[in-house]
Amino acid sequence: MTTPALFPYLLRLGDDRLVLGHRLSEWCGHGPILEEDIALANIALDLIGEATLLLKLAGELEGGGRNEDALAYLRDSADYRNALIVELPKGDFGFTIVRQLFFSVFSLLQMEALQRSTNAELAGIAAKAVKEARYHVRHSAQWVITLGDGTAESHDRVQTSVDELWRYTGELFMADDIDREVAAAGLGVDPSTLEGAWRAQVDDVLNRATLTVPKTGYMQRGGREGRHTEHLGHMLAEMQSVPRAHPGATW
Amino acid sequence: MGEQTESKSSSAPVPADSQWPLWEVFLQPPKGEPHEHAGSVHAATAEQALQNARDVYARRGEAVNIWVVPTAAITASTPEDMGPFFDPGNDKAYRHPQFYKVPRGIRVF
């Protein structure tokens, strides 16, 4: 059983992880310490691995002959369906790690629910991703608490990152017809149902980190419909440069 | 990292606290053998040391369990101890159980 909405739904799942994985990979060789450099690269590889499986499945369902590489490297930014939060430039380490916390908690809840998808392949991908996401949450939460409850400077810098990123968190939970259709078919999960649990987990970490949530009601959106920030285009130009310059190249 | 390199190349002394504490990492292989020393990591807390050990030494399925121990908590013998500690063991054959008769029927031990 499937529905036409499953293809764009899988693009959203895959693009979130591909774009965030690439942003994290930008830390490779630039991490604050050797151990964290390796940790960030590990997490980037986890995310890119999840994206590979999700986009492969999306390509098969689309039936147009596009595989995961075609979807990753030959689509323009307007065809990407990731949430805006994952495409923002990596910023300082505090910014990166706060974004990792926000996304990882969301991803864990989403993948836990998707383990029950009526699409067996998606359920299998989710079962693998749950284990990875659980570690990503543990890693980012530990860092947010260390920095938030650390020195005055580390506290101020992660608080600034929380303030900047907060307005991008709402989009993760905005449901549209695509989400509702896959949820009704038992294939996907309506993201709006995850917000309560996400907020409780994030609040718990922020409280322990002595950080506060900004009092803003406005939430940015657009990524799910292909309206992106200028940053995604620049990122894709770099990410796609080799496959576009050498179509079909293998090594 | 860059700042540390700079301070090293100049004549200014490197602050003693520029590195986080060192931790020794021990991994238990998947077959359930005893933990073996794998290397060391820097970390500010035990949880961070555990995570760093996982990411540096166990990210490719090398282990089913990890121990991290503050390096400062380990008491080690010194090179000067080598003679008194280990040499006497080599010239006393009677310390080794090699004079027992092996029971019949046992071929491999």
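Me: Where is Val144(A) found?

Reply: In helix H5 of chain A. A helix here is a DSSP run of H or I with at least four residues, a strand is a run of E with at least two, and both are numbered from the N terminus. Before going on: this is a predicted model, where local features need pLDDT of at least 70 and side-chain atom pairs count only at pLDDT 80 or more, while totals for chains, interfaces and linings use all residues. Residues are numbered from 1 along each chain as its sequence is written, and chains are lettered from A and ligands numbered from 1 in the order in which they are written.

Me: Why does Val144(A) count as buried?

Reply: A residue is buried if 20 or more other C-beta atoms lie within 10 Å of its own, exposed if 12 or fewer, and partly exposed in between, with C-beta atoms placed from the backbone. Val144(A) has 25 such neighbours inside 10 Å, so it counts as buried.

Me: And which residues does Val144(A) touch?

Reply: Touching, or being in contact, asks that two C-beta atoms, placed from the backbone, lie within 7 Å. Leaving out residues up to four places away in sequence, Val144(A) touches Ile97(A), Val98(A), Leu101(A), Val158(A), Val205(A) and Ala209(A). Ala209(A) sits 65 residues from Val144(A) along the chain, yet their C-alpha atoms are separated by 6.4 Å.

Me: What makes Leu84(A) buried?

Reply: The count again: Leu84(A) has 22 other C-beta atoms within 10 Å, so it is buried. Leu84(A) lies in the loop between helix H3 (68-73) and helix H4 (93-114) of chain A. Apart from neighbours within four places in sequence, its contacts include Tyr168(A), Gln220(A) and His228(A). Ser104(A), on the other hand, is 20 residues away along the chain, with 15 Å between the C-alpha atoms of Leu84(A) and Ser104(A).

Me: How many helices and strands does chain A have?

Reply: Ten helices and zero strands.

Me: How do you know that the length of helix H1 of chain A agrees with what it should span?

Reply: The expected span is 1.5 Å times one less than the number of residues. With 20 residues (6-25), H1 of chain A should span 28 Å, and its end C-alpha atoms are 28 Å apart, so the two agree.

Me: What makes H1(A) largely enclosed?

Reply: Of its 20 residues, 17 are buried, so H1(A) is largely enclosed by the rest of the structure.

Me: How many residues of chain A are in contact with chain B?

Reply: Eight residues of chain A are in contact with ten of chain B. On the chain A side, H2(A) gives the most, with four residues.

Me: How many helices and strands does chain B have?

Reply: Three helices and three strands, following the pattern α-β-β-α-β-α along the sequence. Buried residues make up 13% of its 109 residues.

Me: What makes E1(B) and E2(B) a pair?

Reply: Two strands pair if DSSP finds at least two bridges between them. Six bridges join E1(B) (residues 22-28) to E2(B) (residues 36-42), and the two run antiparallel. One of the bridge partners is Ser40(B), which goes with Glu24(B). E1(B) and E3(B) (residues 65-70) also pair in the antiparallel sense, over six bridges, and there Val25(B) stands opposite Val68(B).

Me: Why are E2 and E3 of chain B the edge strands?

Reply: The open sheet of three strands has the order E2-E1-E3. E2 and E3 of chain B are its edge strands: each pairs on one side only.

Me: Which side chains of E1(B) are buried?

Reply: Trp23(B), Val25(B) and Leu27(B), which point to one face, are buried.
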